[in-house]
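Please consider the following structure with attention to its charged side chains, its helices and its backbone geometry.

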Amino acid sequence: MSTRPPGHPLVPDGMSIDDVIAIITVHDPQALQANRDTAFRKTRFRIPRAGGNWSLEGCHVLLHVVDGQPCYTLGRADSKGAVPSTRDVYLPGATTGIQQFCLLPVWESNCWRLQSVSETIAVVNGVPIQASTARTRRLPNRFPQAVHLRQDVVNEATVHGLQVDFWLLKTVREVYPIQVFWPQELHAELQDVASRPEDWARDQYILSQEQVSANSFRVVERFTAKVQTAKLFRNQQRGRGLRDAEFLKFSKEKVDASIVRYVQSVDIDQIPAVITDTHEGFQSYAVLEDDIKKQHPTIRFSIASKLLRRLFSALEFLHFNGIVHGKVSKESVLLRLVDFKPEAVLLVDYSTTTSFATGALAPHDALVEDGRATMELIENCCDIWQLRKAATKDATNELWMANRTEEAREEFQLVERVVADFFGPKGGSQETLQGKKMLRLLDRKENAWHTAQNDQVYNATRREVGMCQQHNIEEMIEDWNKTHPASSIGEEQYMLLTLGHPWLDNLANALYHKRWDTTPREVCAKFQELAGDMEEPWQTFGVKKTVTFTQVADGFQGRCILGWIAACCEAYPEWRSALGVECGRQIHPHGGVIAHDDVRVFGNALSAHGTLPAVMVATLARLTAEDIQGQPSTQIEETHEVLYHVPSRMFNLTQLHRLASPDRFLLCVNEGNIRCDNYVELRGGPKVQGLYATLSLLSAFGTQLGFTIDVPNHERDSPVYDPADFSQVTQSHVVLARAGLVPWASVTRTGRQFNFHAPLFPNSVEPHYTFLPTYFGNMKVLPPMPARQENYVRPEHWSKFKTAEEIEEAADISKRKILPATGPSQKLSSPRKTGAAASVKQPSAWNVDKSNLGRILKRRERIRAQARPSAKRNTDAQSSAPTTPNAKRSKRSVDLNAAVDPPVKAPMITTSFMDRAIQNMERQAQAPPASPSFTMPRVTNESFFQRQSGVNENLGVSPPKIAAATKQAFTLPDEGSHNLEEDIKQANEWLARMPDDEEDEGPGLAGLFGFEIHHSLIQRGDGSDTEPDDTEEDTPPPIPEKKQRKPDSLAQPLPHPPTLEAKGHKTTASQSFTFGSQSLATRERGNEPAVSRSFEDSRPDAQLATPSATSPNLPAFTFAAKPSGSSLAHRRLTSITDIAAVDLRNAPAHSSPPRQIATASSSSPPQPLCGPGVPVADWKNAQQPMSDDDMPDTDPGESFSRDAE
């Protein structure tokens, strides 16, 4: 609803203000008498005088909507040459023109225009206006013809002293929701007042109520009605200074497509402002955020990809010109979406921008912050971290880590029960040698528990954007389909969870681990390196063909309509099923004639299946038009769109020849006048797959196939390398592409090696079970291969391309046609049966479609199958025998219901020994699929499209915060069934391996391979590593056998972060654990659940440090030597079964920060742990506090229960 001008005249009783468009006030006492013949309602205009009297000053004329009359005229009342009924408002006196004004609507700018239709000069809002006539054209000083009125205030017009006020109560689009009137064009030269020196010419803009952003509004140029955008600077003290400074930054001749260009510096209603380029249909991301997050993940990723490309390009432009944006946020990013498909992106809100001088050192931190804020918004849009978060290659299986923590807890509780029994019922003393050893053993087991849980928590932080697998995609599709309706034809959404390239996907890793140090210029440089300069490489060109429809008295000839439907089935295979179903339902030929009503009903029925292609909509609309009925023949020109790839300068030849008629296609192939051997096989997206030929052959193909084609420009300016060009891909590769992939990928025809681009020497390849689900989702990209065969045969001719669906359907054994037996073999068959067994019922899938459309399609296929290329010119092309089994005749004695197995082909050896060895190694490096109990789910929540709750189900009960060895009293647990004798026996075995004296249990150092080195063997002083120290003896003293340190049972070559003292309540309740494939269910010991929180919030006293090295992707095998910290008793050596149960890709890391061990008594200081986690050079300084740089990068809200697989 528009804002009415304040102080407008009141509407009289009996008339609603909603019916009034405008109120015209004529300031003249004779105005009421002059408007006695007006068709509109009028009221007196009076003002109070002294003494309570009223003075008549004029009249108000209330204009309302008149059907068929969008314009209103004002003119002289006492004119003799004009018919009174031709004016809507009469002006008294003889000084005005017979037809002075015309008030008319301008729908495009949503404002009203007051135009002069008289040579008499009138002044409207300070602007002189005059009609352009033959006499006025000879005048030296001419004036504009019209001016557009303001909606928020009264508009004043004067003609020789007569004042007329215009109060506009409704906008044009409130009165006319759709455009019904097109006003006459004004004289452009008269309306252009930019060069005029008068003051009224400087005030050009009218501020409207339409707000674009926080400080930007739509404005209308009041002479030309051109709609523009203005940014206002309302700061009273610094408004003009801010405007001038910002105008200098952005008043560039050419700017990035996502940057708003400043055009003019003006004042609007005495407010400093700048006129900018106008962009229609944009909304801020903050407004669209909720709606975007409700869309399919593929739509969200497509929007995120557009944001990624456009926002980083805009920032790179600003940084190149010495401008730092400084406030990239949801409010400063504008989007234009059409059916949630991103068309354009704008980066606005330049109020906080800062500048740095050209040539000066750029503020690197500010540039990086711009990039980080942009990536944060992109991740918020697509949620790639949540959907694809997985364990890193050097992380350990989380369930295995949980089992290790649980074993440490059970050993600690075992020792705790033995200690409680020794100091309790048995009356042992802590001062005895046995008591001290028990307390040391208890302290050791408690530290082992702390270490195991810290390792588990630290291991859970090792996350990255991982690859998808097919079962992940299927679970997401099933999860989405539970709560959303099925998509229509042409609107199918594949589950694509990528920004287009692994490098772009991995940008989220640096964001979530708080290691973002990439500038927008580096991102744009990577874009150019990967995909060149072309942002939209897939374009289309028009292909025109003429379709003829013959009519009779009652409708169209059936063969014409059915032939056109069959052609649509071939050109748009996604609509083939719907076209066949609705044709059978709605099209009913009578005597070979299809009625017009059947065609109309057929078109309406198709619309219910989805959005029809534009060419089909246009043809159906033309067939159902009334003006063609009764014509003997109707020719309709159709324009189809065919894809071509701009960087490669190649077009989709498969799409082109499928538009041709079968006869034209047969003639083109058999004549062989066009030599096209160097075609590229492209598979991937349904809309782009096919065989691609160079654009230089397009004109020849168009002539042969009977098309009219506007060939796009395909001349190269210079032989510049373009990374997006796939025209030079060798025939040993199949190009994999789709819209949104940056830029394309490839797969070898032999060996199934997937990679981006088609490099001669690829650095790394991906297997098909991760590459295709990650970058193509659930698309059917490649045809299925027979068992043990990995060879994608190249089509032998440009006309022989088949999609993966067509190949799979042709190879389906259930669709083979079985012909009845003929010839002499009938005599050898069994006697003919009668009754129910006389005929054998075949499956319905084998029945031939006998409908009219089905017969036409079969006939067209047979004609196309007759195409025989003249010769095979391509020596490198391999034979592509049809995979459809030939029809076979069967004898009557054969059971037709029995399953028919395809003939077994001899195995084809297509890979070398080295290829097979690599495949075996990759297979061994994968997690064993037969062990579901040790596989980790990729995400934790039940739904893939919901945030996590923050609870780590795999994290069990935390160790006690206070060292158990320092307690003065020990109590036996009341609950749970334990064999105390067995516990004592196990504890005695551990005690027997402990030295009696704590000093003999000196710290050892971990060698290069994890072996323990006794402290007496450590070289002291500043001596060299190769030369002996004079102060030391040549031979170190031997270590007594009884004082050799025995390895602990729980010390494993795993990362050892600092001790994490989780908060919890010490209770005596027992726990029950259930180990499964999805989670480790625990029953809480207290009222507080085991929750994995951010390290910064929940662990102020002890922090985890990032490992200094990364472990290789190899399993940790068991050596015969004694590793540091391991125990010979109660120790399970690593076996082949153990290795098979652990994900070999996620081997435990060997590098970890040091931790402190709680001592048995408060008097002795804590000793650093000597093991693989403490470097030799730094073990003495292990107790030093860590700096902020050692802090790990973690996901604060991440739950570590079921994160990755």
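The model is a predicted one, in which local features need pLDDT of at least 70, side-chain atom pairs count only at pLDDT 80 or more, and totals for chains, interfaces and linings use all residues. Residues are numbered from 1 along each chain as its sequence is written, and side-chain values use heavy atoms, with hydrogens and water left out.

Salt bridges come first. Side chains of opposite charge can pair when their charged atoms come close. A salt bridge is defined here as a side-chain nitrogen of Lys or Arg within 4 Å of a carboxyl oxygen of Asp or Glu, and by this rule the count comes to 43. One of them joins Arg-521 to Glu-316, with 3.7 Å between the closest N and O atoms. Because Arg-521 lies in helix α15 (residues 520-531) and Glu-316 in helix α7 (residues 297-320), the pair ties together parts that are 205 residues apart in sequence. Helices (H or I, at least four residues) and strands (E, at least two) are DSSP runs, numbered from the N terminus.

A second pair has another setting. Asp-505 forms a salt bridge with Arg-388, the closest N and O atoms being 2.9 Å apart. This pair links distant parts of the chain, as Asp-505 belongs to helix α13 (residues 502-505) and Arg-388 to helix α9 (residues 384-388), 117 residues apart. Both Asp-505 and Arg-388 are buried.

How far apart are the closest N and O atoms in the salt bridge of Asp-597 with Arg-600? The separation is 2.8 Å. Asp-597 and Arg-600 are three residues apart in helix α18 (residues 596-607), so about one helical turn separates them. An α-helix has 3.6 residues a turn, so residues three or four places apart point the same way. Arg-600 is partly exposed, with a relative accessible area of 31%. Salt bridges also link Arg-240, Arg-243, Asp-244 and Asp-267 in a network.

Other charges gather in surface patches. Patches are made of residues with over 30% relative accessible area and no salt bridge, like charges being joined within 9 Å and nonpolar side chains (Val, Leu, Ile, Met, Phe, Trp, Tyr) within 5 Å. Lys and Arg count as positive and Asp and Glu as negative, while His and the chain ends are not counted. A negative patch is formed by Asp-339, Glu-491, Glu-492 and Glu-574. Glu-574 is placed in the loop between α16 (558-571) and α17 (576-586), and Glu-574 counts as partly exposed at 41% relative accessibility. A positive patch brings together Arg-855, Lys-858, Arg-859 and Arg-862. Of these residues, Lys-858 is found in helix α25 (residues 852-865) and counts as partly exposed, at 39% relative accessibility.

Helix α16 has 14 residues and reaches 20 Å from its first C-alpha to its last, close to the 20 Å expected at 1.5 Å a residue. The expected span is 1.5 Å times one less than the number of residues. Is α16 mostly covered or mostly uncovered? Helix α16 is mostly covered, with 12 of its 14 residues buried; among them are Trp-564, Ile-565, Cys-568 and Glu-570.

Asp-383 occupies the loop between α8 (364-382) and α9. Asp-383 is buried, with a relative accessible area of 11%.

The backbone geometry remains. Most residues other than glycine have a negative phi, and most peptide bonds are trans. Val-742 and Pro-743 are joined by a cis peptide bond, with omega about -25°, and Pro-743 is found in the loop between β33 (733-737) and β34 (745-748). His-160 has a positive phi, near 50°; His-160 lies in the loop between β11 (155-159) and β12 (162-168) and is exposed, with a relative accessible area of 57%. For Gln-270, phi is near 65°, again a positive value in a residue other than glycine. Gln-270 lies in the loop between β16 (262-268) and β17 (271-276) and is exposed, at 74% relative accessible area.

Notes. Accessible areas come from the Shrake-Rupley method with a 1.4 Å probe; for residues, only the protein chains shown count as cover. The place of a charge is taken as NZ of Lys, CZ of Arg, CG of Asp or CD of Glu. Buried means under 20% relative accessible area, exposed over 50%, partly exposed in between (1.4 Å probe, protein chains only).
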